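Subject: Structure for your review

Dear colleague,

Please find below the structure that I am handing over to you. My findings follow it.

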Amino acid sequence: MLSLHVQPGARRSGIVGTHGARLKVAVRAPAVDGRANDALLDLLADALALSRHALRIRSGANARDKRVLIETEAPGPLIDALRALSGGA
């Protein structure tokens, strides 16, 4: 489970750091008709080298604070990628 703080409508999409204990992610897409959620899942799938189908928003679909479920059989590389994205935290 990945806890995120999402900033929709940003100038650039990307992982921008942390927001408290959550990873902060900016997406260019607006928070309209689920476009920001779709952009978030696409960005995470690319950043973590996962299939988009391996990611699901479990809570916070209509909020900035979200929990994303990551389904993978090999968590080792994923954990290393998450550490790199969060600046080693």
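Strands E4 (residues 55-59) and E5 (65-70) pair in the antiparallel sense over four bridges; two strands pair if DSSP finds at least two bridges between them. Strands (E, at least two residues) and helices (H or I, at least four) are DSSP runs, numbered from the N terminus. Leucine 55 stands opposite isoleucine 70 in E5. Five residues lie between the strands in this hairpin, where glycine 60 takes a positive phi near 85°.

This is a predicted model, in which local features need pLDDT of at least 70 and side-chain atom pairs count only at pLDDT 80 or more, while totals for chains, interfaces and linings use all residues. Residues are numbered from 1 along each chain as its sequence is written, and side-chain values use heavy atoms, with hydrogens and water left out.

The pLDDT, the predictor's confidence in each residue from 0 to 100, averages 89 over the protein chain. Among its elements, E4 has the highest mean (97) and helix H2 (residues 75-85) the lowest (70).

The largest nonpolar core has 21 residues, of which Leu4, Leu40 and Leu55 touch the most other members. Such a core is a set of buried (under 20% relative accessible area, 1.4 Å probe, protein chains only) Ala, Val, Leu, Ile, Met, Phe, Trp, Tyr and Cys residues joined through side-chain atoms within 4.5 Å. Helix H1 supplies the largest share of this core, seven residues.

Leucine 23 is in strand E3 (residues 22-26) and is buried, with a relative accessible area of 7%.

Yours sincerely

Note on methods:
Buried means under 20% relative accessible area, exposed over 50%, partly exposed in between (1.4 Å probe, protein chains only).
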